[in-house]
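Me: Hi! I have a protein open on my screen and would like to talk it through with you. Could you help me find my way around?

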Amino acid sequence: PSEWQWGAVYSFSPTGTATTTTPTPTSTSTGDWILVQADSACRGANPSDNSVAYYVVILAASLEECQRQCSRNPRRCRGVEFNSTGRCEIWTRPNGIQSVATVAGFECYRNVQHPVFSDIISSFQGGPGTACRGDNTTDISPSHYRKGSAHSIENCQSQCESDATCKGINFNSAAHECLIWTHIIGATVPGTSDTCLSFV
């Protein structure tokens, strides 16, 4: 299609074999990109992880156009997969492109300018088992975040990505609660069912 919407999913599953590589830096007029590997298709956590929920498929006249379309939504653009036929996968997976599979005729690029979710919070450790705080460990002002619900941490991350004011998330897996932090997260405290991640 010549037009696409974020969140739309089109099924396509090229087969390939596992491979590892050293990224090669490249630059384009639309931003900074890293070529993961030529003759390779983008993948998630491993070479067989190719869920159709990770990307949107559009048609693009060139690699540069594919990258430009991805860059239109910088908070969600993780990278692109491009084929000379004009097939362009715009990757929006929250954890980004972590692997590739060898597939002739495809190229996989990471976008190095988008914000990323991180468990490093100032001098504190975030991630599973931690709850977010503001300027210090006792700063939990309700004005720092908006409370919502999410069925998974990925869904909570997606809500953050769609909010231009989001600085991070606090997801509680027991309550299915998603706190969208709009204040800089500067500290964490232990939280049994919580996961605190900054988005910078």
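Reply: Happy to; we can start with the overall picture and then go through some residues and a pocket. One thing to keep in mind is that this is a predicted model.

Me: Good to know. How many helices and strands does the protein have?

Reply: The secondary structure comes to two helices and 15 strands.

Me: And how much of the protein is buried?

Reply: Buried residues make up 50% of the 200 residues. The accessible surface comes to about 9,400 Å², and 53% of that belongs to carbon and sulfur atoms.

Me: What share of the contacts join residues at least 24 apart?

Reply: That share is 71%, counted among contacts between residues at least 6 apart in sequence.

Me: Switching to aromatics: how many aromatic pairs turn up in the whole structure?

Reply: A search finds four aromatic pairs. One of them is Tyr55 with Trp91, a tilted pair with 5.6 Å from centre to centre and 35° between the planes. This pair links distant parts of the chain, since Tyr55 sits in strand 4 (residues 55–59) and Trp91 in strand 6 (residues 87–91), 36 residues apart.

Me: Why does Tyr55 count as buried?

Reply: Tyr55 counts as buried because its relative accessibility is 1%, and the cut-off for buried is under 20%. Trp91 is buried too, with a relative accessible area of 0%.

Me: Which residues form an aromatic cluster with Trp91?

Reply: Tyr54 and Tyr55 do; together with Trp91 they form one aromatic cluster.

Me: I'm also looking at Gly79. Where is Gly79, and which residues is Gly79 in contact with?

Reply: Gly79 is in strand 5 (residues 79–83), and this glycine is buried, with a relative accessible area of 0%. Leaving aside neighbours within four places in sequence, its contacts include Trp33, Cys70, Ile97 and Tyr109. Trp91, from the aromatic cluster, is in contact with Gly79 as well. Glu89 is another contact, and the C-alpha atoms of Gly79 and Glu89 are separated by 8.4 Å, ten residues apart along the chain.

Me: Nice. Now Arg133: is this one buried or exposed?

Reply: Arg133 is buried, with a relative accessible area of 18%. You'll find Arg133 in strand 11 (residues 127–133).

Me: Which residues does Arg133 contact?

Reply: Beyond neighbours within four places in sequence, Arg133 is in contact with Asp139, Ile140, Trp181 and the run Ile184, Ile185, Gly186, Ala187, Thr188 and Val189. Arg133 and Thr188 are 55 residues apart in sequence and 5.2 Å apart in space, C-alpha to C-alpha.

Me: What about Asp163, where is that?

Reply: Asp163 is in the loop between helix 2 (153–161) and strand 13 (168–172). At 17% relative accessibility, Asp163 counts as buried. Not counting residues up to four places away in sequence, Asp163 touches Arg75, Arg146 and Ile180.

Me: Last topic, the second largest pocket. How much space lies in there, and which residues line it?

Reply: About 150 Å³ of space lies in the second largest pocket. Its lining includes Arg78, Pro94, Asn95, His114, Phe117, Asp119 and Leu197.

Me: And how does the lining divide by residue type?

Reply: The lining of the second largest pocket divides into four nonpolar, five polar and two charged residues.

Key. Residues numbered from 1 in each chain as written. Predicted model: local features only at pLDDT ≥ 70, side-chain atom pairs only at ≥ 80, totals over all residues. Heavy atoms only, no water. 1 Å grid on protein atoms, 1.4 Å probe; cavity = no way out; pocket = protein on both sides within 12 Å on 5 of 7 lines; lining within 4 Å. Points joined across faces, edges and corners; volume = space filled by probe spheres on them. Nonpolar A, V, L, I, M, F, W, Y, C, P; charged D, E, K, R; others polar. Helix = DSSP H or I, 4+ residues; strand = E, 2+ residues; numbered from the N terminus. Buried < 20%, exposed > 50% of the residue type's maximum accessible area, 1.4 Å probe, protein only. Contact = heavy atoms within 4.5 Å. Areas by Shrake-Rupley, 256 points an atom, 1.4 Å probe, with all protein chains shown as cover. Phe/Tyr/Trp six-rings, centres within 6.5 Å; stacked < 30°, edge-to-face > 60°.
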